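Hi,

Here is the structure I promised to pass on.

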Amino acid sequence: MTEDDVQRLAADAPLPDWVTRLDRTAFGSAWKAPAEHEALWLVPQVAFARWARIPAAGEAELLRIAVDPAHRGHGLGRILLEACQRDLEAEGLVHLYLEVRVSNAAAIRLYGACGWERCGLRPGYYQDGEDAALFQRSGAMRRSGA
Ligand SMILES: CC(C)(COP(=O)(O)OP(=O)(O)OC[C@H]1O[C@@H](n2cnc3c(N)ncnc32)[C@H](O)[C@@H]1OP(=O)(O)O)[C@@H](O)C(=O)NCCC(=O)NCCS
């Protein structure tokens, strides 16, 4: 599996059923179809990453990333996240941020491996009272011809 296996869901494409199923498996609930400012990257049938894009601010927020449980621990999360980062940064969305449960060791390790830095804490952020760790990543602006 390489970054070439990562696809971006077309803006007008329906949300695939397997994304909804994996969403439920990974998070216990499925989000609705992407809003206009959102974008999804997929490894078909196996993994997805959902982002909110704020082009005017050069920012994007990672909302959810999930790998099918049978495929975890083989570097797929990292391939997917790095493909998203490459594409977003190429669009000028160079300020990336996310929140994650402080207990989510696998995700926190993944973000560290992909160049994210912990930059804050939101106490009691989740409905069950767990704190959220805040991470950010500032990528390099890529200019055409540079
Ligand atoms: C988080 C998640 C996406 C990682 O996907 P993955 O394909 O298993 O991750 P990778 O194999 O690419 O591993 C990336 C890094 O995380 C580490 N890692 C993976 N699983 C881990 C685990 N269970 N515990 C600790 N570290 C782990 C890897 O060692 C690797 O670090 P390294 O490069 O320093 O060795 C996956 O575990 C998942 O889908 N979890 C459920 C959904 C979720 O919690 N999403 C994040 C919040 S939105």
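Below is what I found in it.

This is a predicted model, so to speak plainly about the rules: local features need pLDDT of at least 70, side-chain atom pairs count only at pLDDT 80 or more, and totals for chains, interfaces and linings use all residues. Residues are numbered from 1 along each chain as its sequence is written.

Confidence: the mean pLDDT (the predictor's confidence in each residue, from 0 to 100) is 93, and 95% of the residues reach 70 or more. Over residues 142–146 the pLDDT is below 50, and this stretch has 2 contacts beyond near neighbours in sequence (C-beta atoms, placed from the backbone, within 7 Å). Where pLDDT is low, the coordinates should not be read in detail.

Ligand: 20 residues surround it, the closest being Arg-72, Gly-77, Arg-78, Ala-106 and Ala-107 (near means a C-beta atom, placed from the backbone, within 6 Å). Strand E4 (59–67), helix H2 (76–90) and helix H3 (105–113) each give two or more residues to that shell, and H3 has the largest share, 6 residues. Helices (H or I, at least four residues) and strands (E, at least two) are DSSP runs, numbered from the N terminus.

Sheet: strand E7 (residues 132–138) runs antiparallel to E5 (residues 95–101), joined by 7 bridges, with Leu-96 opposite Arg-137. E7 also pairs with E6 (residues 117–122) in the antiparallel sense over 5 bridges, and there Gly-120 stands opposite Leu-134. Pairing takes at least two DSSP bridges between the strands.

Cheers
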